[in-house]
Amino acid sequence: MSSLTGAGSLPPLDLTRAPEGGEIGPVQSGWRLAVREFASNKLAVMGVGILLFFVLFSFVGPVFYHGNYLTSNLAATNLPPGAGYPLGTNNQGYDGLALLMKGGQAALEVGFMSAVIAIVIGALYGAISGLAGGIVDAVLMRVVDVFLSIPFLFIVLIVAVRFGASVLSLSLLIGAFSWLVPARLVRGEVLTLRVRDFVAAARVAGASQTRLIARHLLPNALGVVIVNVTFQVADAILYVAALGFLGFGLQWPNQDWGDLLSNGITYLQDGYWWQIWPVGACIVLVVMACNLIGDAARDSLDVRLRRR
Amino acid sequence: MIGYIVRRIGTSIAVLFGVSIFIFALLHAIYPSPAIDVLGPRADTALIAAWNKDNGFDDPWILQYLRYMGHLFQGNLGYSYKLNQSVASLFGEVWARSAWLSGASLVLSVLIAIPLGIYQAVRRNTIGDYAATTVAFSLYAMPVFLLGLILIEVFALDLHVFSFEGSQASSLPSIIVDLHAMTLPIVTLTLLSVAAYSRYMRSSAMDVLAQDYIKVSRAKGLPERLVLIRHLVRNASLPMVTLIGLSIPALLAGNLITETLFNFKGLGLLFYTALQNVDYNVLLAYTLIGALLTIVGNLVADVALTVADPRIRLA
């Protein structure tokens, strides 16, 4: 036993005496503080509310609202909102509200799936790179540089044209190109964390390698990852919309918001506003909600920014 | 500093080779040979094999890559079998149009975002700051085409001030003076960049405002106007250089969508048409050029920052 670990030399703590400088409040975990901080941010709560609304709207909505989006109905094309069609119909006679719900499913599914793929790849890659250091780290980071220099939308478009777009293929494709930023972030975190005093202290106190990673490195790097997930979701939803708008989006019977919008543009001059603005509002609201949540999460996880 | 620049250029060349190999291999895997386009859909397999052999499309892909890159350095970007024209001449016809659209909006957005961000940082948490943040946040969440659509609806269809289409003129000078047609595309791209840049500029200016040298210059009695111009603007604008370098892929994507929406015949619309026709040589060449622009942009940004900021030079 080295003399450094000789804890027996300290006098026993006197628990009956009040600490100097007044009472100490109950110790709370960092995560609970972060959640409380997050919940006190009105914009963040609004973001969560909007996102929850769209999850319910897209996935639970169709259970209660049965609009037609599968068979064209030429007797009811381009109807304005009214009885039976709360958001009107499009040029095929599809129900506007039902299309919005269907498109919302695709947007949220691709958004979350691609974000999870990107984060898992990115966190592993970044952690390996940061822990390995040296030449391995240098090579792995140059690979990231290479991928970051590729105009990613072009590649996604080319692959989507060749192989067709589905929820799964788009998620894989977007995820496969979005792990670069999380990889850099996690690597940066691991690099700074592993030389920090609290890690050294934990090591001196006898913590095992597993405990170091699980209790000290990961929870501290996780904040960055969580913040990044929300921005990834927002970006992926915008990518899907762009693909749909250019006409290379999901195939019928799947619908995506960008495709609905580009359909509506044909009738812009005819004043069929219900085919454009509701979809546009949906895209903006969901993306904005993700950005609001991301900003608030970053503020609440960053101890220095916390308003005490 | 010369050593740093040389090293930085070396890294860029290495990255450029990595990127070109990846893009070439990917597109080659997707589309091995244009034989069908040239010989027609009813060509038999023997004919296709013979054509592939004559034109080197049955060589190992790495050999084809080297040959392609060799041609590239001689300015030969390949041949568009769909448009029966060399890709270089296709790009030569339209690149200036895209450069004008993207360049004008980039310059405008920097000219707007820097003063706006500084105004927001100096007057933070006032009504003006909140209003600008709200607008920037909404624009930031907006797809390019939606913003363009809103502008078309309001300014072209309702007010009849501007055209809903980009300029169809063929010479660059007449496009530049055609503000009736070019205002909306340029404003679309500008507003989107301003949304991103001004948020960044605001936080950068807030960081600088908290620095000691700002306090010192105020304490020694320098008028606030001079504090802002001499100390704040120059220091707070430095990160913008890096940001612009990093945002080139986003600018190219925005350019593609804006040109498609406004039917403005530039590189973006050419790429879009090539996607519809599956014209792979155009797709390959433009993707490679996009990657090249990104790498050069990052390089220029890094070098410019080193020149502008002595603290980096010393580090």
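The model is predicted: local features need pLDDT of at least 70, side-chain atom pairs count only at pLDDT 80 or more, and totals for chains, interfaces and linings use all residues. Residues are numbered from 1 along each chain as its sequence is written, and chains are lettered from A and ligands numbered from 1 in the order in which they are written.

**Chain B**

Chain B contains 15 helices and two strands, where helices (H or I, at least four residues) and strands (E, at least two) are DSSP runs numbered from the N terminus. Its C-alpha atoms fill a box of roughly 85 × 55 × 35 Å along the principal axes. Of the 315 residues in chain B, 36% are buried. A residue is buried if 20 or more other C-beta atoms lie within 10 Å of its own, exposed if 12 or fewer, and partly exposed in between, with C-beta atoms placed from the backbone. Two residues are in contact if their C-beta atoms, placed in that way, lie within 7 Å. Among contacts in chain B between residues at least 6 apart in sequence, 70% join residues at least 24 apart.

**Contacts between the chains**

In chain A, 32 residues are in contact with 35 residues of chain B. H5(A) gives the most to the side of chain A that touches chain B, with nine residues. By class, this side has 25 nonpolar, four polar and three charged residues; Ala, Val, Leu, Ile, Met, Phe, Trp, Tyr, Cys and Pro count as nonpolar, Asp, Glu, Lys and Arg as charged, and the others, Gly among them, as polar.

**The largest nonpolar core**

A nonpolar core is a set of buried Ala, Val, Leu, Ile, Met, Phe, Trp, Tyr and Cys residues joined through C-beta atoms within 7 Å. The largest one has 152 residues, and those with the most contacts inside it include Leu157(A), Leu243(A) and Leu283(B). Helix H9 of chain A (residues 209-246) gives the most to this core, with 17 residues. Not counting residues up to four places away in sequence, Leu157(A) touches Leu243(A), Leu246(A), Phe248(A) and Leu275(B).

Most residues other than glycine have a negative phi.

| Residue | Phi | Loop in chain B |
|---|---|---|
| Asn125(B) | about 60° | between helix H5 (87-122) and helix H6 (127-140) |

Asn125(B) is exposed because 9 other C-beta atoms lie within 10 Å, whereas Val278(B) is partly exposed, with 16 C-beta neighbours inside 10 Å.
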